[in-house]
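Thanks for coming. I will go through one model today, starting with a single residue and then moving to the ligand and a few backbone details.

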Amino acid sequence: MRFSGLQAPRVARRPRQGGDPMRMLVTGGAGFIGSHFARTAADRVPGVEVVVLDTLTYAGNLRNLETVLDRPGFTFIHGDICDRESARRAMDGCDVVVNFAAETHVDRSILDSGAFVQTDVDGTRVLLEAARDLGVQRFLQVSTDEVYGNVEPPHRSDETDPLRPRSPYSASKAGGDLMALAYHHTSGVPVLITRGSNTYGPYQYPEKLIPLFVTNALDGKPLPVYGDGLQRRDWLHVEDHCAGIAAVLQRGEPGGIYNLGTGQEHPNLEVIDEIIRLTGVSRSLVRHVPDRPGHDRRYALNTSRARALGWQPRIPFEEGLEETIRWYGDNRSWWEPLGAGEHARGR
Ligand SMILES: NC(=O)c1ccc[n+]([C@@H]2O[C@H](COP(=O)([O-])OP(=O)(O)OC[C@H]3O[C@@H](n4cnc5c(N)ncnc54)[C@H](O)[C@@H]3O)[C@@H](O)[C@H]2O)c1
């Protein structure tokens with residue numbers, strides 16, 4: 001691995017030549033989904049060069065990348081996507097960009113939205129400008145089903161639906177999407193957007209619903225349920241989410257938006273009951289707490305566009321949840337230093 005300095009990194013790379021392997025910039029690649037994507041690319045795509053740009057907020061963790069950091073062709077750059085110079089240096093010579101970097105926790109956005117607007121909107125703009133000037137071949141903006149806002153049954157959001165975000169997090173992500181489309185229309189940046197549903201799996205920071213409840217259950221701590229717990233979500237395993245992003249990156253149409261989800265809905269209480277069953281803790285740990293302000297009741301996606309690219313989620317929720325609980329049980333040394341259970345409730 002090449003680890004660049006903490007300040008204004010300058011990456012020493014020779015100029016690109018024809019026949020060189022593909023070089024991919026993965027921003028936010030030390031976070032939950034981005035690190036899965038970066039590890040999978042390094043493991044499975046022959047000859048690919050992966051450059052991770054990450055500023056290592058509380059949610060970024062180099063341990064998420066420890067299996068690939070020392071690989072030839074893998075470069076970690078500690079830097080901020082909002083910083084023009086860092087973004088350009090990291091992107092220089094890259095064929096494709098996948099932008100995972102974001103502030104991602106709804107509860108934090110309600111308390112203080114500044115960093116959300118900064119990274120999720122303006123950071124995206126900085127990356128798009130660099131992509132325009134450097135002529136990258138594909139720019140994939142990783143977005144979320146939350147940009148559609150609350151979805152009344154039985155509707156499922158189509159990619160053409162209006163954006164009705166209702167939290168500072170989802171409003172910032174919607175701003176990033178619109179910025180990406182604007183650079184596509186005005187400057188021809190070959191933008192692709194994925195809108196994934198709630199994602200779970202190993203290495204997720206224990207403030208979001210599943211890892212918070214799993215780590216609290218493993219420690220015998222209270223399980224704080226927002227409101228009546230009947231909010232409905234479509235849970236997508238991180239491996240399936242990343243496979244969807246890879247499919248869109250390879251076969252999506254520039255300017256296109258692709259929803260990624262399983263099509264299965266689960267009320268939060270059902271997920272919590274399953275965690276209780278699989279960890280064997282008492283249901284008396286459940287505490288109903290006041291609901292999150294503006295909490296969306298339901299997200300649901302029509303994913304036929306992504307499925308037409310040949311992608312489909314493969315991991316059944318029950319199986320993925322059991323495997324995730326096993327991972328948190330086996331990897332206490334990963335999450336205990338993060339202060340699990342001290343965070344607010346999950347998304
Ligand atoms: N987790 C989900 O359920 C979910 C669902 C759909 C879409 N998404 C989207 O996927 C992406 C990744 O989500 P995640 O859950 O892995 O997030 P995460 O919070 O685990 O990781 C975010 C990463 O971005 C980095 N980062 C933050 N600000 C940065 C900046 N200014 N410059 C460089 N790096 C920065 C952090 O250090 C961290 O490593 C986000 O764009 C999110 O909106 C997440």
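Is serine 143 buried or exposed? Serine 143 is buried, because its relative accessible area is 4%. Buried here means under 20% relative accessible area, exposed means over 50%, and partly exposed is in between, with a 1.4 Å probe and protein chains only.

Before going on, the ground rules. This is a predicted model, where local features need pLDDT of at least 70, side-chain atom pairs count only at pLDDT 80 or more, and totals for chains, interfaces and linings use all residues. Residues are numbered from 1 along each chain as its sequence is written, and side-chain values use heavy atoms, with hydrogens and water left out.

Back to serine 143, which lies in strand S6. Strands (E, at least two residues) and helices (H or I, at least four) are DSSP runs, numbered from the N terminus. The side chain of serine 143 makes a polar contact of 2.8 Å with the side chain of aspartate 177. A polar contact is a pair of N or O atoms within 3.5 Å; within protein, one must be able to donate a hydrogen and the other to accept it, and residues adjacent in sequence count only if both atoms are side-chain atoms. Neighbours within four places in sequence aside, serine 143 is in contact with Lys173, Asp177, Ile193, Thr194, Arg195 and Gly196. Contact means heavy atoms within 4.5 Å.

Next, the ligand. Where does the ligand sit? The ligand is in the largest pocket. A pocket, on a 1 Å grid over the protein atoms alone, is an open set of points where a 1.4 Å probe fits, with protein on both sides within 12 Å along at least five of seven lines; a cavity is a set from which the probe cannot get out, and lining residues have an atom within 4 Å of a point. A molecule sits in one of these if more than half of its atoms lie within 2 Å of its grid points.

Two or more residues of the shell around the ligand come from each of helix H1 (32-44), strand S6 (138-144) and helix H5 (168-187). S6 gives the largest share, three residues. In total 31 residues surround the ligand, and the closest are Ile33, Asp54, Asp80, Tyr169 and Lys173. The criterion is a heavy atom within 4 Å of the molecule.

A backbone N or O atom of threonine 55 is 3.2 Å from a ligand nitrogen atom. A polar backbone atom of leucine 56 is 3.4 Å from a ligand oxygen atom. For threonine 199, a backbone N or O atom is 2.9 Å from an oxygen atom of the ligand. The ligand on its own has 840 Å² of accessible area, and the protein covers 98% of that. Accessible areas come from the Shrake-Rupley method with a 1.4 Å probe; for residues, only the protein chains shown count as cover.

Two of those residues deserve a second look. Threonine 199 lies in strand S8 and counts as buried because its relative accessible area is 8%. Its side chain has a polar atom 2.8 Å from the backbone oxygen of serine 197, and a polar contact of 2.8 Å joins it to the side chain of histidine 241. Beyond four places in sequence, the contacts of threonine 199 include Phe32, Ile33, Trp235 and His237.

Leucine 56 is in the loop between strand S3 (49-54) and strand S4 (74-78). Leucine 56 counts as partly exposed, because its relative accessibility is 27%. Its phi is near 55 degrees, a positive value in a residue other than glycine. Most residues other than glycine have a negative phi, and most peptide bonds are trans.

Which other backbone values stand out? Tyrosine 203, also not a glycine, has a positive phi of about 70 degrees; tyrosine 203 is in the loop between S8 and H6. The peptide bond from proline 153 to proline 154 is cis, with omega near 5 degrees, and proline 154 is in the loop between S6 and H5.

Last, helix H6 (residues 209-218). How many of its ten residues are buried? Nine are, leaving the helix mostly covered. The cover includes strand S8 (199-200), strand S9 (223-226), helix H8 (268-279), helix H10 (317-330) and helix H11 (332-335). Just after H6, glycine 220 takes a positive phi of about 70 degrees.
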